[in-house]
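Take a look at the model first, and then walk through the points below.

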Amino acid sequence: MTDKKKIIFFMPNLLGGGTERVASRLSFLFEQEGYNVTFLVYEKTVAYAHAGNIISMNLPGTKNCLNKFLKQFLRFYYLRKILKDVQPWAVLSFLEGPNMLNVLCSKRAIISIRNVIPLNYSTILQRIIIKLFYNKASCLIVNSNYLAEELSTRYSIRKSRIKTIYNPIDVEYITESAKEKLQKNLFPFCTNPYFIAIGSMTKQKNYISLLRCFSFFLTKNSKYNLLILGEGHLRPKIEATVKQLGLEKKVLLPGFVDNPFPALSQSSMFILPSLHEGFPNVLAEALALNIPCLSADCHSGPREILLKDYSLNQLQNTFEETPYGVLAPIPTALDKVLLSESEIIFTKAMHHCINEKWEPGYPMIKKRFNSFKIFLEYSDAVCRVTEGVK
């Protein structure tokens, strides 16, 4: 007989990332409420603490197409065996590969869709796959209303199966972690006023355009430095851009930092220039530390976090004030030398954000994204799924 307290979290790994951090936090909350939590992962690579035990398939990702297909086939059989042995109350999967396998193998499949890009498939076959597999899930959890709208209107997923649940933000942990000392490699750079951006060095994070905007910003205000925390395959290109723009003394790229909150809490402004997001945790974390925020008005998340009443339409030719900072069009480079209109607007938004006074974000974040409140929404989704399975 299925144990009502057993739940499986199914994902590729527990490496450092926004999705993995959410799963880690949720595992503790489920365990605190009496659930028996098991993580099932492709590979046992762990960067975050987690509740419960962990089972590894020992089938890590690969770039080889033939091996990728073979490993997915093997994961399918591994998952079926685990479900037979464990007999969980429900399976909560994260990211595309595990989501597809979850739908195929489990009658109680809850799939979590974390980012807008996986929905932007261009081929007819891929669109059919999304419609076919996602409609078979018992529940689809998305972390923004924009994603919910995309699934419903663009891929004909039944609205009754879609549930928007924002990411949990542990404000107590963030504020306590922010009290720790800055890492030594951030001195003496962080003794001067600085802006901060946090995230992996990938195309999605749009750091090249940020550097171009910051260089233009310095022509009118040279007081500030820029600190970018994160690592990734675009580091050589980003370092080359820093050198090309003559920003070696104004920009610091220390890489991944275990605890970014001391540096975040002492910054003058947090900047999110991303091309796309799902729910940008770091934006909510900056607000929890009462840091003024400038965010690209990308799909999805920033608009829903920064504004209480909002439309899902993106900004085009101007920036917009929010109670906690500024939303601006995504800065997009169209020329190697000249700044585009969107980059100029984003730079103007930098000046505006740093020169104005904004409401503290902590009360809003604690009220809207409280960890236990978010857990209750997940728990409700789990209960509804299990009640619907005979």
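This is a predicted model: local features need pLDDT of at least 70, side-chain atom pairs count only at pLDDT 80 or more; totals for chains, interfaces and linings use all residues.

1. F30 has a partner in F375: the two form an edge-to-face aromatic pair, with 4.9 Å from centre to centre and 85° between the planes. F375 is buried too, at a relative accessible area of 2%.

2. Now turn to F195 and F217, another edge-to-face pair, at 5.3 Å centre to centre and 65° between the planes. Because F195 lies in strand β8 (residues 194-198) and F217 in helix α7 (residues 207-218), the pair ties together parts 22 residues apart in sequence. F195 is buried at 0% relative accessibility, and F217 is buried at 0% as well.

3. The aromatic pairs number 19. Ring pairs also join F9, F30, Y35, F39, W89, F94, F372 and F375 into a cluster.

4. Stepping back, the chain has 14 helices and 14 strands. Its radius of gyration is 21 Å, which agrees with the value near 21 Å for a compact globule of 390 residues. Of these residues, 55% count as buried.

5. Lastly, look at the contacts between residues at least 6 apart in sequence: 67% of them join residues at least 24 apart.

How values were computed:
Residues are numbered from 1 along each chain as its sequence is written. Side-chain values use heavy atoms; hydrogens and water are left out. Helices (H or I, at least four residues) and strands (E, at least two) are DSSP runs, numbered from the N terminus. The radius of gyration is taken over C-alpha atoms; the globule rule is 2.2 Å times the number of residues to the power 0.38. Buried means under 20% relative accessible area, exposed over 50%, partly exposed in between (1.4 Å probe, protein chains only). Contact means heavy atoms within 4.5 Å. Rings of Phe, Tyr and Trp (its six-membered ring) pair if their centres lie within 6.5 Å; planes under 30 degrees apart count as stacked, over 60 as edge-to-face and the rest as tilted.
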